[in-house]
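Me: I have just opened a structure I have never looked at before, and I'd like to be walked through it. Could you take my questions one at a time?

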Amino acid sequence: MPALRGKSGKAIPDDQSSTQGSEYLQSTASSHGDHSDESENEDGSKVKKKPTRGQFGGAKRGRGRRPRAETESIASNEPSTLFEIVRQGKGGSQTIVDEWIESYKTNRDTALLDLINFIIQSSGCKGVVTTDMYATLEHSDIIRRMTEEFDEESGDYPLIMTGIMYKKFKSNFCDFIVVLVRQCQYSILYDQYMMDNIISLLTGLSDSQVRAFRHTSTLAAMKLMTALVNVALNLSVNLDNTQRQHDAERQKQTSKRASERIEMLLGKRQEIIENIEEIQQMMNNIFKGIFVHRYRDTQPEIRAICMGEIGVWMKNYSEMFLSDSYLKYVGWTLHDKVGDVRLKCLVGLQNLYLVNDLALKLELFTNRFKDRIVAMTLDKETDVAVQAIKVVTLILKFNEDILSAEDCENVYQLVYSASRAVAQAAGEFLNERLFKRDDTDSAKSKRAASKRRSANAPLIKDLVQFFIESELHEHAAYLVDALWEVNDMGKDWDCMTELLLEEPGRGEEPLDDRQETALIEIMVCAVRQAAQGHPPVGRGSSKKILTAKEKKSVQDDKMKLSEHFIVKLPDLLSKYGMDSDKVANLLEIPQHFDVEIFTTSRLEKHLDSLLRQMRDIVEKHTESEVLEACAKTYESLLCEQYNTTPKVEVARTTLFDSLAERLARSFESFDATDEPHDNVIYALSSSLKRITTFYSCHDLTGWNLYEMIYVLIKQAPKRGDIPEDIYASAIACAHYAIMWYVNKLEDKNPDPDEINKLKKRVNDLIHLCAILLIDRNETVKQEAFTTIGDLLVVFSKQLGSDKAYSSLVYIANDNLQNLISDFIQEEVFVEEDDDDDDDDGDDSHKIEVLHKRRNLLASFCKLIVFNIIDMRNAAGIFKHYMKYYNDYGDIIKLTLAKSREINKISCARTLGLSLSQLFNEMKSEIGYADESRSIAQMNAIKELARRFSLTFGLDQIKTRDAVAALHREGIVFSLTPIEDRQNPGGPPPNIGYLDILSEFTAKLMKQDKKTVLAYLDKQLKSEMLEQTGDEWSALRAYRNSLMQGGDTSSDVSRPPRPPKRPKPGIKRKMALSGADDVEGRWVSREEQAQGARGGWKRRRTDEELTSQGRQQQQQEEESEDESNDEEDDFQEGQAIQVLPTARSTPKSPVLLTSRHLISKKTRQSRTNLSQIEPVQSGHARLKAPSARQNQVRSDRLKKYRIDETSPASVSPSTDSEFQPSEKRIRVSVTKPRRANLRRSRKTILHDIFPEEIPDIDQDSDSF
């Protein structure tokens, strides 16, 4: 094979042809000056000539300068360089390449230089390779020069840049490389100049430490390799044709042979062989010099390019690349940590396994890497998992014996995956493995059976058996959906009903009870899928919008199943009427009927039979699943005005009359004696279950059942040994009765008597359910809590928007709020050791119990989010955030986020309350006796506080007041009482809480740390600051955390250093982004003031603010107000308002109850939060004037105005504890300078930090 050649075309010795890119680069150390500086005349003499520019703009002499043609093109917006032409995509790649080839034929040095600059500029480099540089420097030196021309400020380059200009650059770049090789394959490709220099340059660039060079050169090299593969294929075809012509010519008789033609064919054959060898040498150099090193590059994009292209080479040129020496790279990269790279490998393998001839060559590879491919079916990346399943399916088609039974079982279970793409891919594998219909076998089964069976009968039996053996999953809907598009047996209703109704034929085994139940469940799921056209719940993000074709298919399927089951369903209900599981599934089928078919197909007699069967089922069964299915079926048959509606309405009314009469008789018998008989209790319980179930879907108000049910609920506290199910059903029935009563009042002018009647019922039922919250039975308590929660939501403040219904608004008092809060603590946050249900070891039961508790917690959190109960009640659930994170973490986290949207300060105080409750619980349980246990619990509380601290985010300005309020409440709690009665002279009993409070210090702004520190020192006694004992460590740690990063105002002996002035020329982006200044501080009253002469003055501390100084400052503020009133030209958009945070009920258009778990989002209006944001400033810092600078102050008052409205104009909060401020401050700015916010800051922080601490009970959990 010919050796690789350098820039000048000289052959490189074989011992210098190395696989390393750097060695390969060193092997091209030849100059191309002879080609560019000299030319031959016709007589053979050499003439020195001056290099000329190519069509695309040659390079100008000088390092890194742009050529003149490119500079002129920028001014005229006309592309002049090859890079600009390809980037803009003007003209096809064919035209661009043809023009470049013409330029190459004219002057190959200049044209090659244009091509080199094209690659350099495509990498994002601003430098240009000039003729002198290329003539005198090696490729390594050129690359080093170009590296220096990179823009270090930006990491973008054309291949990864976005925008209109670079949208199609990558595709244009790849097309140009491919077309260039294709057009040069007959001449230029073999001149041992262009390709040698390009490969040498790309190899050097691919070894660069610059990502842009490596990425661009690797992409170019891989596309170049792909193009060379296509050239090699064409040469192979030409070689075969030439050999065939040569053989045909040699087989002729000697007299008819053309020796000249034979010699011509032999010469052509030899030329093609040499070209193939040269092309293979080029490909070998690219593979060893670039691919071998870049397939394991640090950048996943580069690795993905290599894996994507090698798959193309193996498929197109299998003779060279489809061998173990190349396949090993694909197998190794299957373990790549980036999903996109693994996906490229699997896509390449899929293309190989699709071709049987190529799959035969993969036997060794398959045996070696089969386990890895099977394991990738469980990949965390959905696309990779889907592709892996497809590859495994192709392996199965190629050879079933390769995959073991364990491998197949791993793929089988994926049909129950939540990802629909994974499940459908696994369905294809399952169908290929188990449900592949063989026409010969089906014919034999037909002949063996005495009765004619569908060809899908054995497949459906296998499906039923597979579903039964899938012990880990019981979701038939997922299994049906996975096979829906790959096998049509899911729509073979005739075969399914035939297997259920008819006797088995000769030689057939009948279905047992378990198989019949499984088949009915699969059949019902298939009916639902066909009628709705959507995947089951939980598979897929949302319901897709069906196309016209899909809607037509769904309508046809719905019509076919309706015509079939209208006739067959009564027989099925008659046969399986006593089996509750089968009947509950079968009764779902009529809910998907096209009811009009009863009339259009004249099938009314089957409707009568269906209604008769449903009435019998209601009278025979008391299971909730069966009764709910009947109620929903009646509802679906009556949801619209069909021709059959009157007949169904009569049947329903007759049924309700019977149920109401039976309930009245059973209640009369029950109420007549103090100790009712078991038969009486069973009759009442069954009647209540039926009435309650139908009440949830149908309006039974006309039967006047509420009074009787309410009397029954009143007897619940004194029920004795009577089963609790009776009272739980009665509570739910009363709730449904009220809901239907409200539904009837949907009129603009309701009757006042009806409103009063409804109000009395609501108040009485909530009061009665509140009493039952402390019942001994969990079922009754949970039903009472659910009813209270739903009624509070329905009759909340949002109902008061209409004056006609305003009297129905129910506001929960403190006693009711405490009851439901205690209920959540007792029923939801239960220790596993204390839970009796954990001993049985039944996982399904544990999941069901956890689901109920999650619903209860969600119902309680809904009351907080809707502002129906006070936010302080959330402290009881926030404190369990870490302990029960696995079970309820998502619910608590969302509640915390919504609470912060309502009121930041109230939410912060609630977080502090939850931490203080945990601290008190720790003290009450163990005190400080058990040191090890105390440290463990303290660390747990601190970890929770750290998590709470992270929820405040990074914007300290938005959370400034909330964090300050949390610290104030924490200090109050820690220092109350200030003295320990049991240990006189010792630290306060709660001082250890300051150690927890230290976790929030980092969220304080620098100037606020000073304020909090001053407030803390004021509440402490003077001798407390000098204590050094271990019991005072929490106080010292908290004070040290406040001193870090802020001013140590307590140290008045050393004046603070003045802040540095901003350097000239610095861009003040902070003024545009919403921050206050370069140091992130606000202008405040206590900050340094700049003197009239520009000197910096020492800050005044709180100890220096005497009463005289305070009066003087008050006078200055009053004079400032008067100046503001005189020149008040406040404009909208120039002020930052601090609004009161009174609790208000969000207006929610949809209120969801706990019984109807409908997945809808309820929008809430966000309460305006109390916050102060800095006014933008063009200066780095503006100092507040002192008392001795009145003249300067009066000048500034013309620029800044502060107006404080009367507190009386603001609606005060109903909960004073959660009211952060009652003042509304407006700051207006007339020029782009910082406003003086001294008063605003003083007002807010004074509200948060008063002079004295209020008296609080030591044992109280509240602040």
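This is a predicted model: local features need pLDDT of at least 70, side-chain atom pairs count only at pLDDT 80 or more; totals for chains, interfaces and linings use all residues.

Me: OK, and how many helices and strands does the protein have?

Reply: The secondary structure comes to 51 helices and five strands.

Me: How much of the protein is buried?

Reply: Of its 1263 residues, 51% count as buried.

Me: Let's go to helices. How do α16 and α19 pack?

Reply: Helix α16, residues 339-353, and helix α19, residues 382-398, pack at an angle of about 25°, with their axes 9 Å apart. Angles under 35 degrees count as roughly parallel, and α16 and α19 are therefore roughly parallel to each other. Their crossing is left-handed.

Me: Which residues make that contact?

Reply: On the α16 side they are Gly-339, Arg-342, Leu-343, Leu-346, Val-347, Gln-350 and Tyr-353, while α19 brings Asp-383, Val-384, Gln-387, Ala-388, Lys-390, Val-391, Leu-394 and Ile-395. Sorted by type, the residues of this contact divide into nine nonpolar, three polar and three charged.

Me: Now α46 and α47: what is the angle there?

Reply: The angle between helix α46 (residues 1006-1019) and helix α47 (residues 1033-1043) is about 150°, and their axes are 8 Å apart. That makes α46 roughly antiparallel to α47, and α46 passes α47 in a left-handed crossing.

Me: Which residues meet in that pair?

Reply: From α46 there are Lys-1009, Val-1012, Leu-1013, Leu-1016 and Asp-1017, and they meet Leu-1035, Tyr-1038, Arg-1039, Ser-1041, Leu-1042 and Met-1043 in α47. The residues of this contact divide into seven nonpolar, one polar and three charged.

Me: Switching to loops. Is Thr-622 buried or exposed?

Reply: Thr-622 sits in the loop between α30 (604-620) and α31 (624-637), and at 19% relative accessibility Thr-622 counts as buried, because the cut-off for buried is under 20%. Leaving aside residues up to four places away in sequence, Thr-622 touches Leu-627, Tyr-682, Ser-686, Lys-689 and Arg-690.

Me: Where is Lys-958, then?

Reply: Lys-958 is in the loop between α43 (931-950) and α44 (960-974), and its relative accessibility of 43% makes Lys-958 partly exposed. Lys-958 and Lys-904 are 54 residues apart in sequence and 9.0 Å apart in space, C-alpha to C-alpha.

Me: Which residues does a cis peptide bond join?

Reply: A cis peptide bond joins Thr-976 and Pro-977, with omega about -5°, and Pro-977 is found in the loop between α44 and α45 (993-997).

Me: Last topic: what is phi for Gln-192?

Reply: Gln-192 is not a glycine, although its phi is positive, at about 60°. Gln-192 lies in the loop between α9 (169-184) and α10 (194-206), where it counts as partly exposed at 22% relative accessibility.

Me: And what about phi of Arg-602?

Reply: For Arg-602, phi is near 55°, a positive value in a residue other than glycine. Arg-602 lies in the loop between α29 (597-600) and α30, and Arg-602 is exposed, with a relative accessible area of 72%.

Notes:
Residues are numbered from 1 along each chain as its sequence is written. Side-chain values use heavy atoms; hydrogens and water are left out. Axes are lines fitted to C-alpha atoms, for helices over the stretch in contact, and angles run from 0 to 180 degrees between N-to-C directions. Helices (H or I, at least four residues) and strands (E, at least two) are DSSP runs, numbered from the N terminus. Angles under 35 degrees count as roughly parallel, over 145 as roughly antiparallel, 65 to 115 as roughly perpendicular and the rest as oblique. A crossing is left-handed if the near helix is turned anticlockwise from the far one by less than a right angle, and right-handed if clockwise. Contact means heavy atoms within 4.5 Å. Ala, Val, Leu, Ile, Met, Phe, Trp, Tyr, Cys and Pro count as nonpolar, Asp, Glu, Lys and Arg as charged, and the others, Gly among them, as polar. Buried means under 20% relative accessible area, exposed over 50%, partly exposed in between (1.4 Å probe, protein chains only).
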